[in-house]
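Subject: Structure handover

Hello,

Here is the structure for you to look over. My notes on what was found follow below it.

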Amino acid sequence: MNDGGKKPRRAARTAEAIVEVSFGGWPVGVAMASVLLAERRHRHNHRTSERRRDDFPKIGHFDTWKVDSLQSLVLMNHDLILYPQWVNASDFRATAEHFNNVPLHSEELDTALRDRCEQLLQKMQRKIDGEQQKAILQRRRKLSSSTSSKPVAKPRTAKFKLTMDQLELCETMGTQLPFLPFTTPEEKQLFNQCAASLVHKDDHEMAVWWCSKVDGEKVFPKLPVHIRLYRKKWQKNRRVVDCVNRAKKSSDLLTSLNKALRPNTVETGAAVESANSSGSNQAAVALRNVAGSANSAASNLDGPALQNRRPPVLRPSGIDQPNQKALRDGNIEVIGGTKVGGFETEPEVPRKRARGGDKPKATGMSRQRACQRCQQFNGDHKYECGGRCSAERCDYFDETGVRRCYYCAHMKSKGKSNHDPYTCQATEGTKDDCPHFHHVQHKGVKKKNRRKRKRSSK
């Protein structure tokens, strides 16, 4: 019984990890997330029933409602139970139990939010009615002055402007406005004013009071858990601000002191560092140079500042490196009876297979098909040419890359034209410049009709 609470927590973490791996990278809304969780819950229960329930049928799919219909039909026609261990979903009694998104607020919070929403809707409705009356008066004035005017819009009912996810949350929680965490600057500013005055220390009491400040646009209702989590974050930020304010006076004094005692500090530190990395003789020479520069800098300071200056501190010389002959020839050592080293290359560790990234969204230009022959001979109309489906259908070039009119060449090959395709006007412009033929959709190449309509004389 001592570890009775560990197994449920471990199972919950495992289920959470499975859900994160399955749907963690999917950008879906609240409604789609509820549907995906319901589908995964249904499939998990079905697999578990197949593994652990005796004589449970293995149907090979997860569409259990089809089995329900089949079993009901067989029972009605033949008075026979097709699957004895199968229980139809319609046999269960409907209850008020909810899954996925469930309401978490109390009755007191629900009443406060409902009253506030009624006040906001009444105010919005009065504004809409006033605009409607103004529109009616303007229409009457225009009717008196002119014969035509725009009709007045139908009267509207006041309602909140919410997104699809917010509407889904309102439907599952049974409220007119959704309970959302702190996101907008107006909400954070309002919480800062309330928390700084220490008016509401209880989270539930503050959530009820918060409903009186809701406007449906910038400030939304909060659950007690939202207030508790944001209060911890706000207290941490306040402690940081208070610490910085308390240390400001000392920090300013330290900054002014460093400015008075820090001339040529950067050059001094660089000289000492290079002296430490070289030898003892060079260190002594560098120290004398540093001392000379420090004395010249100190002559420009006042008396108290000169007394407070400290000499630079040199680092001790490093340990001498051992002789190369005393080192081991190989890279193998025996430590505690275990042979360590000896690998010229590290053994390859199999990489864990990970899910690949999503395919980048293609643009419209990359999906356009081009005529291969126009592209080969640098044509300007490769995306409009008829040779996009077949190179023989190219409207501008023949097999050798010479410009010609496809319409004239096609009709000449059929014996219906004597026009030279290489001297046609279409060889200098586009395919529509051919004066003899044109293409008709679903009918092919046809002859252009040059007859002019005769005007009927009255």
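**Aromatic pairs**

The count of aromatic pairs comes to nine. The rule covers rings of Phe, Tyr and Trp (its six-membered ring), which pair if their centres lie within 6.5 Å; planes under 30 degrees apart count as stacked, over 60 as edge-to-face and the rest as tilted.

Helices (H or I, at least four residues) are DSSP runs, numbered from the N terminus. Both phenylalanine 182 and tryptophan 210 are buried.

Please keep the basis in mind: this is a predicted model, where local features need pLDDT of at least 70, side-chain atom pairs count only at pLDDT 80 or more, and totals for chains, interfaces and linings use all residues. Residues are numbered from 1 along each chain as its sequence is written, and side-chain values use heavy atoms, with hydrogens and water left out.

Tryptophan 210 also pairs edge-to-face with tryptophan 209, at 6.4 Å centre to centre and 75 degrees between the planes. Tryptophan 210 counts as buried, at 0%. The cut-offs are under 20% relative accessible area for buried, over 50% for exposed, and partly exposed in between (1.4 Å probe, protein chains only).

Phe182, Phe191, Trp209, Trp210, Tyr230 and Trp234 form one aromatic cluster.

**Charges over rings**

Lysine 222 lies over the face of phenylalanine 182, at 4.9 Å from the ring centre. Arginine 403 lies over the face of phenylalanine 397, at 5.8 Å. Such a charge has NZ of Lys or CZ of Arg within 6 Å of the ring centre and within 35 degrees of the ring normal.

**Helix α3**

Helix α3 (residues 64-78) has 15 residues. In α3, Thr64, Val67, Asp68, Gln71 and Val74 are buried. Down the axis, these buried residues fall within an arc of 135 degrees, so they line one face of α3. The arc is that of the directions from the helix axis to the C-beta atoms. The buried residues of α3 pack against α2 (30-52), with contact meaning heavy atoms within 4.5 Å. The face turned away carries the exposed residues Trp65, Ser69 and Met76. Just after α3, aspartate 79 takes a positive phi of about 55 degrees.

Best wishes

How values were computed. Helices (H or I, at least four residues) and strands (E, at least two) are DSSP runs, numbered from the N terminus. The expected span of a helix is 1.5 Å times one less than its number of residues.
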